[in-house]
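Hi,

Here is the model I promised to pass on.

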Amino acid sequence: MRIVIALGGNALLRRGEPLTFENQRQNIKIACEQIAKVWPNNELVIAHGNGPQVGLLALQGAAYTEVPTYPLDVLGAESVGMIGYMIQQELGNLVPFDVPLATILSQVEVDKNDPAFKNPTKPIGPVYSKEEAERLAKEKNWSIAQDGDKYRRVVPSPLPKRIFEIRPVKWLLERGSIVICAGGGGIPTYYDEQHNLHGVEAVIDKDLCSALLAENLDADLFIIATDVSAAFIDWGKDTQKAIASAHPDAIKEIGFASGSMGPKVQAAINFARYSGKDAVIGSLSDIVDIVKGKAGTRISTNVTGINYY
């Protein structure tokens, strides 16, 4: 099977964990140990988030006042190179030495008039207390929003329209490579009136871009790996229930949090509707059972309504 795996931010940095290289390296090693289990007899494409990393790079850049901080598209490219390097190295230590691995910097077209530019929603960087977040927002002219019991900086998150590097990704897959691409939702770019490409200050949602990637690659299975075993209704309440499978139209009727599960469910719906194949939301630790159809929330046009565990 051709499988696209979208790694959530928890696969790189756990919530509230210091943004150190050592922590990221260890978390990526754990993630790759799981991914390696489903490599035999499958083609793998790995996408990933970069919210904490791109936010940290912005903070580090702001500390050097001799030059302006680099724009978010450039910082996104920097973070994708760093994360891709670590995934290549850790996964390369687990698969046969002659299996090629490659990271592709992926430019992704967005609409420069997307309404998201007037309504920042994408959290990046570390978490803060409310007081610290409000102070930084005033000092740095940030937009902030609540993220669980903490607060984070938020930036525009326009919808992905096209992945420009899809052809080299296909070329590498056809030659047996494991490919890391569309990292951080891709690098947001747009065409000007002369049809020249430019970067833009934004961070694209990783899950929505990964769904587009899976569509473009005619993937057989799209996995959104996160830190929970499934999508739940009534999350955090005594009445919470894990969804085993759902038709895209049925799960669309359930309201999920826009800052967490919402984009994942929408991405899974997009892929299932477009391809007629299955998308699964679940825990990275369950990835073997997810591939076997025994774990996670499976969104499929081949099921009826919503089914629970």
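Let me begin with C181: at 2% relative accessibility it counts as buried, where buried means under 20% relative accessible area, exposed over 50% and partly exposed in between (1.4 Å probe, protein chains only). C209 is buried too, with a relative accessible area of 0%. Neither ends up in a bond: the structure holds zero disulfides, a disulfide being a pair of cysteine sulfur atoms within 2.5 Å. For C181, the nearest cysteine sulfur is that of C209, 8.3 Å away.

Before you read on, this is a predicted model, with local features needing pLDDT of at least 70 and side-chain atom pairs counting only at pLDDT 80 or more, while totals for chains, interfaces and linings use all residues. Residues are numbered from 1 along each chain as its sequence is written, and side-chain values use heavy atoms, with hydrogens and water left out.

Now the overall picture. The protein chain has nine helices and 17 strands, counted as DSSP runs from the N terminus (helices H or I, at least four residues; strands E, at least two). Its radius of gyration is 19 Å, close to the 19 Å from the globule rule for 309 residues, so the chain is as compact as a globular protein of that length. That radius is taken over C-alpha atoms, and the rule is 2.2 Å times the number of residues to the power 0.38. Along the principal axes, the C-alpha atoms fill a box of roughly 55 × 50 × 45 Å. Buried residues make up 51% of the 309.

Cheers
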